[in-house]
Amino acid sequence: MNSARDGERIFIKGNEAVAHGALAAGCRCYFGYPITPQNDIPELLSSLIPAAGGQFVQAESEVAAANMLLGAASCGVRAFTSSSSPGISLMQEAISYMAGSQLPGVIVNMVRGGPGLGDIGPSQGDYFQAVKGGGHGDYRLFVLAPATCQEAYDFMIEAFHLAFKYRNPVMVLGDAILGQMKEPVTTWTPAASDPLYHDDTEGAEWRLEGKGERPARLLKSLYLEEGALATHNRMLVAKHESMEQDARAEEFLCDDAELIVAAFGSIGRIVKSTVRHLRGKGHKVGLFRPITLFPFPTKQIDALAAQGKRFLTIEHNTGQMVDDVRLAVRHHADSAFFGCMPGDLPSPEDFVEPILNVLEGK
């Protein structure tokens, strides 16, 4: 961490790290509606954002909160909303409108068990919803998956930068484990020399702020003229493909690994402990943890597959990211799958047997 990022060290929950990270990113508007297990985010922001000169609104519903986000985004304001699973489902129409209108905003999903109301415990069952669009039409969110409270803080700062860089909604995808655990977090605010720094000129070429003497502007997702929607969608596809330049993942002990376990978020962190344990027993196992779920770090994992390595995907669901892993390595390998069911809280010991079974070819 460079000097510009050396700040106060505080002991906070992952949910609280999200709130502090948003403020450090320059967020000044939050719209949300309560739902467990992410309620610490609006609770903290209800005092912090007004103190920073911003606006906090507890909306009448998740639908309203997402549309308020759309409105703030159209004015070039750094704004975000947060919810959990069924609440995010209610936001999908507005998120699709934002993507179609090329509006930057940040959505945080602290995933809980499902489908339906499920429970308030952790899950990774919203992977498809996050990376495949979730709402109607052909669009994608840029999706970041933190595994630590520090990453929850850092990724909020990155999320706002990416949202404005691509004029696209960005999702930070956590879960009940991340949201409720406590860890030390070092705070920081981007300095003027930092690529993540922003100023009042951000979005000046498109934001709605009063016409004045300039030509009129129109932000929309409705294209009725002949061929207009096709042209718009081609442009969106090109933008989605350009996001690949920011794809990344953590590789842990992969160089000499015979078997690489792919896992993201909290499960990636738990698997990391399992990998350390198995390494201590002499087993050549590594971890591949995607940090960007969209764009998926395809080139990174494909390069490992080209070396002849085998793969096992572990998720806290019935099998979702495994599809993207298999697509990424398909020219050289396949991936086995082990799913920890939502409703269960896994530990590193739970993954020892499935990893050894694949390593030993069972």
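A charge sits over a ring if NZ of Lys or CZ of Arg is within 6 Å of the ring centre and within 35 degrees of the ring normal. The model is predicted: local features need pLDDT of at least 70 and side-chain atom pairs pLDDT 80 or more, while totals for chains, interfaces and linings use all residues. Residues are numbered from 1 along each chain as its sequence is written, and side-chain values use heavy atoms, without hydrogens and water.

**Exercise 1.** Find which ring lies under the charged end of Lys 272.

Solution. The ring is that of Phe 252, and its centre is 4.9 Å from the charged end. Likewise, the charged end of Lys 220 sits over the ring of Tyr 223, at 4.8 Å from the centre.

**Exercise 2.** Classify the aromatic pair of Tyr 30 and Phe 56.

Solution. Step 1: rings of Phe, Tyr and Trp (its six-membered ring) pair if their centres lie within 6.5 Å; planes under 30 degrees apart count as stacked, over 60 as edge-to-face and the rest as tilted. The structure holds eight aromatic pairs.
Step 2: Tyr 30 and Phe 56 have 5.6 Å centre to centre and 15° between the planes, and the pair is stacked.
Step 3: Tyr 30, Phe 56, Phe 80 and Phe 160 form one aromatic cluster.

**Exercise 3.** State whether Tyr 30 is buried or exposed.

Solution. Buried means under 20% relative accessible area, exposed over 50%, partly exposed in between (1.4 Å probe, protein chains only). Tyr 30 has 0% relative accessibility, so Tyr 30 counts as buried. Phe 56, at 24%, counts as partly exposed.
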